Amino acid sequence: MANVLVFAETRANTLRKVALESVTAARALADSTGGGEVHALVAGSPGIAAVAEQLGQHGADLVVVVEHAGLANFDREVVAATLAARAKSGSYRIVVVGFSAQGRDIGPRVAAKLDVPIVTDVVEASVTGGAITVKHPAYANKVIVTLEINAPLAVLSVRPGAFMVATAPHAVRTEMMAPAAEPSASKVVVKELIEGGKGKLDLGEAPVIVAGGRGLKAPENFKLAEDLAAAFGNAAVGATRAVTDEGWRPHSDQIGQTGRQVSPQLYIAVGISGAIQHLAGMRSSRTIVAINKDKDAPIFKVADYGIVGDVLEVLPVLTQAVREAKAAH
Amino acid sequence: MKIAVCIKRTPDSESRFRIAASSASIDETGLKFDIDDFASYAVEVALQLNEKQGPGETVAYAVGPDAVQETLRKAMSMGVDRAVQLKTDAVPYDGLAVAKALAAELKSGGYDLILFGKHAFDTSAGIVGTATAELLGVSCVTAATKLDIANGRGTARRELEGVAEIVEFPLPAVVTIDEGIARPRYPSLKGIMSAKKKPLETRPAQLGNVRVTVKSMALPPDRPPGRIIGEGTAAVPELVRLLQTEAKVL
């Protein structure tokens, strides 16, 4: 029996998908040790406690609520200090965070503060006796490494999309905790936040991604990809490096080895030939659709469903068909 | 400014990888190794900052076997002044152990700025830079796509998950570098010649207790072979049907 402490990531006091995935992973780890508890820590401005019920739905037994007016925006120094303090005060076997922007920043800090080992980008984890065994994709997802961690406590950061959110209702208790560091004392201060677009789904959160490549021929044709994404309603639009290098789309939209690595439930590649660097960023998607005019394009080797054709002709028809299918529900 | 750049030697990312007979590492036969891409951006940023700000020193660090000396020479051929190898037979998979070795070395170095790549291609773990900052107790900014230093303070831009942020921080600081910030220069012939004479010190890496070890490595399971379901707009109804009934995503 071992307890697991998990950081439940929020933005604007709303849980992110990676938070629910992290709690799901934590629940499975606690259960695998013969029924430990899952304690989820949330940090935000007053009112953040309202997310406790939702965390209970996914398996949290206790929600540790860190409320402070200075935590309206994520403060990595305060969250890392508070998570480390909590980990030290309880008898935990594992601390789970997401391998997201927030988790990437706090995981190594927490590990260093506690002097415990950390493994990031975990896609599978289990506890057996004294050791924690995890799988971690390396070399741009071309090699799967199995690692063994020998320590009484360790930090794991879980890859977004690797642990499917599961429902496991638990009666959830809450406990208030003061931040372990003063938010106004953080060394690094955010001066300006530039939102990518109102209500725009992030590539790491979206269950469906429509990604465009040079086959779209011109930046204005990305409208067709956006229309398809809008027809799904839960989709984000990504791009290849060729396209972001051209300045057709912002650099932050790039999917591939040096950009975002995504594993949505559905990945629709439009006008993408499928260079190996691009495949490295999306080949773990559950279902892959490819539309490309060249039947020999490498993308068709990984596509579950391929259509050979001109994306400029196929996209509007597909968009209309998806709209109709959605309307029929 | 006194700037340290911590670099890693990694194989060419376009290689086809095989697993070694021991199944605990990749087979390095025939692989081409060089300074990691993100680390090369960090070297470029360090050189540009010191060129812009007048007299300073740029020092490269690498943890690893003697093969990293070639990588450190490469950094010196780009313009880094001197280099330090923290020697170990193999770089462990325990990122905190590597951070400890670097922090032990860097803490008395008097650096204003310590740069890393945001992660290295091989492990893509992104642990060492942030953990080193924590161990040193200095400011830490990860995945910077822009970096300016003035009057003992830094300003950086980060682009993350659909949001860009501008952050300010006091020096000393650790900053990890994302791509797009600067195009790394090619070493000039003069640079290559002078790099041979620049000082390269070797000291043992103080890794401490290594608690993360590789049990095995394997190639990922293949996806089922791709399937072309049709041509042009005529294939759309079949695609929609498959997405609904087979993939169940619509």
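Two strands count as paired if DSSP finds at least two bridges between them. Keep that in mind for this one, which is a predicted model.

Strand β10 of chain A, residues 143-150, pairs with β12(B). The sense is antiparallel, over six bridges. One residue pair to look at: A:L147 has B:V214, in β12(B), as its bridge partner.

Now the whole interface. Chain B puts 78 residues into the contact, and chain A puts in 86. About 7,000 Å² is buried between chain B and chain A. Carbon and sulfur atoms give 57% of that area. Which residues of chain B lose the most area to chain A? They are B:E161, B:R211 and B:R223, together 12% of what that side buries.

One joins A:D304 to B:R223, with the closest N and O atoms 2.9 Å apart.

Where does the chain B side come from? Among the elements giving two or more residues are α3 (95-106), α4 (128-136), β12 (212-218) and α6 (236-245). The largest share, eight residues, comes from β9(B). By type, that side divides into 41 nonpolar, 18 polar and 19 charged residues.

On to salt bridges in general. The whole structure has 46 of them over all chains. Take A:D202 and A:R16, at 4.0 Å, N to O. They sit 186 residues apart. A:D202 lies in the loop between β13 and β14 of chain A, and A:R16 in the loop between β3 and α1. Buried or exposed, A:D202 and A:R16? Both are buried.

B:E168 has a relative accessible area of 25%, so it counts as partly exposed. B:R153 is partly exposed too, at 36%.

The other pair is B:E246 and B:R227, at 2.9 Å, N to O. B:E246 is in the segment after α6, and B:R227 is in the loop between β12 and β13. They are 19 residues apart. B:E246 is partly exposed, at 45% relative accessible area. B:R227 is partly exposed, at 37%.

Last point: shared partners. Salt bridges join A:E9, A:R11, A:R16, A:D202, A:E205, A:R260 and B:E161 into one network. Note that B:E161 was also named among the chain B residues losing the most area to chain A.

Methods
Residues are numbered from 1 along each chain as its sequence is written. Chains are lettered from A and ligands numbered from 1 in the order in which they are written. This is a predicted model: local features need pLDDT of at least 70, side-chain atom pairs count only at pLDDT 80 or more; totals for chains, interfaces and linings use all residues. Side-chain values use heavy atoms; hydrogens and water are left out. Contact means heavy atoms within 4.5 Å. Buried area is the accessible area (1.4 Å probe) that two parts lose on being put together, summed over both. A salt bridge is a side-chain nitrogen of Lys or Arg within 4 Å of a carboxyl oxygen of Asp or Glu. Helices (H or I, at least four residues) and strands (E, at least two) are DSSP runs, numbered from the N terminus. Ala, Val, Leu, Ile, Met, Phe, Trp, Tyr, Cys and Pro count as nonpolar, Asp, Glu, Lys and Arg as charged, and the others, Gly among them, as polar. Buried means under 20% relative accessible area, exposed over 50%, partly exposed in between (1.4 Å probe, protein chains only).
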